Amino acid sequence: MTSAEKKLLSERDICSKFILPAIVAGNKWDPMSQIREEVSFTKGRVIVRGRLSTRGDAKRADFLLSYKPGLPLAVVEGKDNTYSVGAGMQQALDYATTLDVPFVFSSNGDAFLFHDRTGLSQPVEREITLGEFPSAEELWQGYCVWKGRTPAQVPIVAQDYHLGGPDKEPRYYQLTAINRTLQAIARGDDRILLVMATGTGKTFVAFQIIWRLWKAGRKKHILFLADRNILVDQTRVNDFKPFAGRMTKIEGRKVDKSYEIYLALYQAVSGTEEPRNIYKQFSPDFFDLIVVDECHRGSAAEDSAWREILTYFSGATQIGLTATPKETRDVSNIDYFGDPIFSYSLKQGIADGFLAPNKVVRYDLDMDILGWQPRAGQRDKYGQLIDDRLYNQLDMDRSLVLDERTRLVALKITEYLQATDRFAKTIVFCDDVDHAERMRQALIHWNGDEVVKNHKYVMRITGDDPVGKAELDNFILPESKYPVIAATSRLLNTGVDARTCKLIVLDQHIESMTTFKQIIAGPKTTHSSSPVSPSPAAGRGTVPARSPRPGRGPAAMSIPAG
């Protein structure tokens, strides 16, 4: 082919006729297992314009070369022959940095420009002929030297992933988190911190780390700790399902030591619930690996019961997972686990298109802003005298319950859904279980037409209600139409896998930025339209009074709608 004819070829033709043959020549790379072409590794940012949405361009590498699946070594960027050999290098370097890949190539079909990010080759960047393209084994050996891998460590870092099909293929940042963790453990680190935004698959990352260490024979007994039953149960039936038969959840007074993978609620094995300190039924050296989900919570505090568990099993490798590491004067994740070996932020997740951006719609109630004060001698709906003082926003739904306010919030939610989609899955976060029940009733009041068709249109899903909790699976299943609206308090604010959720309503007092970030990122949205996060409180209304309620704590007064 003449030079002039070569310049008429498209970029794809150059890749298939010149670049790929140069890579596979001499059986240096296996085209079936080591070479992937046109690999899109982000989804493209969700762009919302009014009620319409689209996606930006995904990042796509022309070739991604891996030593074996899940262990990427090189990015190759091709250009058509009207460009120079190195024209694609800057783009390829950007991709390689994102993918945590050490070796980078650019080509126009005439030669390769090779960039060695490890710094082991000098010069760092040089041109090589098509016939000089390095083999998979050469790059792998260079990678091992760069990472300081000993022969004993290689079987750990090269252990196969669990491949559960295309829908379970790790995303690029998950590969980085998993591989860095195994590399850290291989070199002897025993305290590891991973920071990943809520909704980006921390539990899936934990599963792959555990799977590879377990299959490599490096870790034989593993404990996975979480602080919500729903997180433990979802982990067991979803991401950890391949461990079936080897896995158990610690419940009750006695533990069965015949299993290898243990899942447990912090409170169930520590001193916060009876029976106390179940974990001491295991010897201190029983577990080789402990994974602490949401480690910014109790395990971050030195004097917590949860930290007692980690101290008791101090000889085990311990991995902390969190979306929001806690660093205060008295509490520190970094002090215990060390600096994060990998971080993936909410901002990056939105930029990559794996998380949908939040469109915020805010409503303010006059009673929240201006406060509410009873008339002299006014009594609540139970006939009890109301303290004559000004009640502010901090009192709402705590020491003071205004039924009209709850109705107004429910009305605004209903109006929003009527204007957009009556069947958009919605989570309403309330202050407590009592507030969630009143919100359920108020939502039914405004949505009676749909409730008559199916009483599960609105459900209270809280930890104390087995009927509501049983509907959680139906709420999060894309193929399940009902429930549509879930009123909750704290059950769903720690990253429950609710991919169907399109509307998040915050009608609770949130004093922690950690909790706020978890709530807005918690439902793992995969739809193309952005979820809306109203902080509803709406409209005006006169509010007659109501009363302290038995068992609700400090003077919670019920003011009926009137």
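User: Where is Asn27 found?

Analyst: Asn27 is found in the loop between α2 and β1 (35–40); helices (H or I, at least four residues) and strands (E, at least two) are DSSP runs numbered from the N terminus. Please keep in mind that this is a predicted model, in which local features need pLDDT of at least 70 and side-chain atom pairs count only at pLDDT 80 or more, while totals for chains, interfaces and linings use all residues. Residues are numbered from 1 along each chain as its sequence is written, and side-chain values use heavy atoms, with hydrogens and water left out.

User: Okay, and is Asn27 buried or exposed?

Analyst: Asn27 counts as exposed because its relative accessibility is 73%, given that buried means under 20% relative accessible area, exposed over 50% and partly exposed in between (1.4 Å probe, protein chains only). Most residues other than glycine have a negative phi, and most peptide bonds are trans.

User: What about the phi of Asp100?

Analyst: Asp100, which is not a glycine, has a positive phi of about 60°, and it sits in the loop between α3 (89–99) and β6 (103–107). Asp100 is partly exposed, with a relative accessible area of 26%.

User: Which residue does a cis peptide bond join to Tyr482?

Analyst: The partner of Tyr482 in that cis bond is Pro483, with omega about -5°, and Pro483 lies in the loop between α18 and β19. Another cis peptide bond runs from Gln122 to Pro123, with omega near 0°, and Pro123 belongs to the loop between β7 (112–116) and β8 (125–128).

User: Where is the place of Ser480, and what does Ser480 touch?

Analyst: Ser480 is in the loop between α18 (472–476) and β19 (485–488). Not counting residues up to four places away in sequence, Ser480 touches Lys425 and Asn474, where contact means heavy atoms within 4.5 Å. A polar atom of the Ser480 side chain lies 3.2 Å from the backbone oxygen of Asn474.

User: Why does Ser480 count as buried?

Analyst: Ser480 counts as buried because its relative accessibility is 14%.

User: Switching to helices, how do the axes of α14 and α15 cross?

Analyst: The axes of α14 (residues 403–419) and α15 (residues 433–446) come within 8 Å and cross at roughly 55°, so α14 is oblique to α15. Axes here are lines fitted to C-alpha atoms, for helices over the stretch in contact, and angles run from 0 to 180 degrees between N-to-C directions. Angles under 35 degrees count as roughly parallel, over 145 as roughly antiparallel, 65 to 115 as roughly perpendicular and the rest as oblique.

User: Which residues of α14 and α15 meet?

Analyst: Asp403, Thr406, Arg407, Val409, Ala410, Leu411, Ile413 and Thr414 in α14 meet Arg438, Met439, Ala442, Leu443, His445 and Trp446 in α15. The residues of this contact divide into eight nonpolar, three polar and three charged, with Ala, Val, Leu, Ile, Met, Phe, Trp, Tyr, Cys and Pro counted as nonpolar, Asp, Glu, Lys and Arg as charged, and the others, Gly among them, as polar.

User: Last one, what does Glu450 touch?

Analyst: Leaving aside residues up to four places away in sequence, Glu450 touches Arg422, Phe423 and Tyr457. Glu450 is found in helix α16 (residues 448–453) and counts as buried at 7% relative accessibility.

Note on methods
Polar contact = N/O pair within 3.5 Å; in protein donor to acceptor, adjacent residues only side chain to side chain.
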